[in-house]
Amino acid sequence: MAEILKKHRLTFTLLLFLVMSIVSLYITDINNGHIWSYLDIETDGLFHILRIQGLYEALKHGTIFPAVNMSFMNGLGYIVNLFYSDLWLYPAAILRFFFKTAPAFVIYYVFLNFCTFVSSFFTYKYASKDYAKSLLFSFVYTLSTYRIFDMVRRFDLGEVLTLTFLPIVVLGVYEVFYADESKWLLLTIGMVMVIYSHSLSPILIGIFIVLVMLFRLKTLIQQPKRIIKLVYSGLMALLLSAAYFLPMFEQLHHTQFKLTQPTVDVANRSLPVLQVFKFSWHNYLHQQNIGLILILVAILIPITLVKVKSAAIRDFAIIGEILLLMTTKLFPWSFFEKTPLKIIQFPWRLDMLITILFAIYLVSAPLNFLKQDWQKIILGVVVVLLMFNSQLALIRNFPNQYDSYASFDHLDSYSIGSGEEYLPKDANLQQLRRTSRKPILVGVGTVNHFKKQGTKLTFDFQGTKNTKIILPIIGYYGYSTKDSLGKVSTLTMRKNGLAQIRVSGHGKAIVDYYPTIVQQASRVISIFSLFGLCFDLSYKKIMKKRVFFSGKKIL
């Protein structure tokens, strides 16, 4: 039996990951066909489920890359796709062709769990070459309190996706600043994956990289090639993510959104130190925290740091402590209220980075307390038991939030997030709720045969004379009347965000969203950059094999 386990170790490891991916969600998302959730307008969960639903509807109607998500606001549309990339939502949208909303979402969650197990395992193994510790790290990280909190309490799919790819980013940072800087592409890959996951996470990672640079300043001065590789990594990441950044900036150039006027006071969102320790000590899933195990790591780091020989692990531990301090009232966030840092909204978002940095420190075992396999097994079991206990406590303390799968088929389409970030700045959500879902004619004439499918609206008009028509869509940049018949003006946006056109005489108005030149060009840039990168890597691999078989050295 032992021989079989050894021979097929990787297969059994992947099977274990799959089982734990399901088991870890059983209590809150699978048992009795219920999901523990907040089905109200303030939750991220409804917002992300509607993102998936909108992508599914677009695919169903033949639109592969929708810019406007028409599932929001009862068909008025929300241009969230340009600000919150839906690249990693395609698996979930495809699942919707075979399952109803809630089951598709749960299966997608299982898939993300599995991917996180895999990414954390292989990245730690790549750096450490230690199979057992890599397995333990995958459990400590994937089942960490903050990650489970993001999944089952906040339903913040953006951060959950970031946490899936974060190990690749940290591995890339490790290679560029501490190990083999020629492997800078790992940082590029990780960053691009994060950029297409969550709009705020790259800023948080930027804070982490700046801190690493400060800690490695002496080394960077002595080895400037590491800075050059970092620049390479950044430039390649920008090219690969041009399809995300350029359309977003274009839209910001043409429309002033509510996101440009954030109302969240970052300083007031930090927590008292005692509260940070209390939430973590009790392993609450109802409040943001890093959990019992990792708060103990935070306490032990100052005591054990002297034993650490690895510069990377030592720096990561200290940076983790700095970031933990930044989540508390001790950090002077009020000084940063007028800086771009305020866009992170909640300082405790840094718990993402704290979680992985403390998990690395714990598994590295500076006091050699994980030398024996039974010690690793005990820690792994404790991690699992703490996770189960926290989920049971969540359901026990808040039973009214345990909702059936069927309730997810009738969601409030106005769940656009409490910040309403992607609405025009003067739009009022309550007024938009009361807006007619048919064209409103202001002036002489009539409108007939109105049809709407996805982003496309068509109707006939007669007897009009420079007549204003208010349309039941948000007038985002990209909507056009270019295919209309008769005298139809260009589309403009009213102060309340709704689209408006003017017509004269008789004809047929055809309004649709058309990808802009910037959107199309940026997509080409990213795709060609990806192909170019793949070609370059393939060419180098082929040449390396040629050199190996010929025994010759290429100068």
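Q: How does the lining of the second largest pocket divide by class into nonpolar, polar and charged residues?
A: The lining has 22 nonpolar, four polar and two charged residues. Ala, Val, Leu, Ile, Met, Phe, Trp, Tyr, Cys and Pro count as nonpolar, Asp, Glu, Lys and Arg as charged, and the others, Gly among them, as polar. The model is predicted: local features need pLDDT of at least 70, side-chain atom pairs count only at pLDDT 80 or more, and totals for chains, interfaces and linings use all residues. Residues are numbered from 1 along each chain as its sequence is written, and side-chain values use heavy atoms, with hydrogens and water left out.

Q: Which element gives the most to the lining of the second largest pocket?
A: Helix α21 does, with eight residues.

Q: Why is Ser529 called buried?
A: Ser529 has a relative accessible area of 14%, and buried means under 20% (exposed is over 50%, partly exposed in between; 1.4 Å probe, protein chains only). Ser529 is therefore buried. This residue lies in helix α21.

Q: What makes the pair formed by the side chain of Ser529 and the backbone oxygen of Ile525 a polar contact?
A: The backbone oxygen of Ile525 lies 2.7 Å from a polar atom of the Ser529 side chain. A polar contact is a pair of N or O atoms within 3.5 Å, where within protein one must be able to donate a hydrogen and the other to accept it, and residues adjacent in sequence count only if both atoms are side-chain atoms.

Q: Which residues does Ser529 touch, not counting residues up to four places away in sequence?
A: Ser529 touches Leu239 and Leu240, where contact means heavy atoms within 4.5 Å.

Methods. Helices (H or I, at least four residues) and strands (E, at least two) are DSSP runs, numbered from the N terminus.
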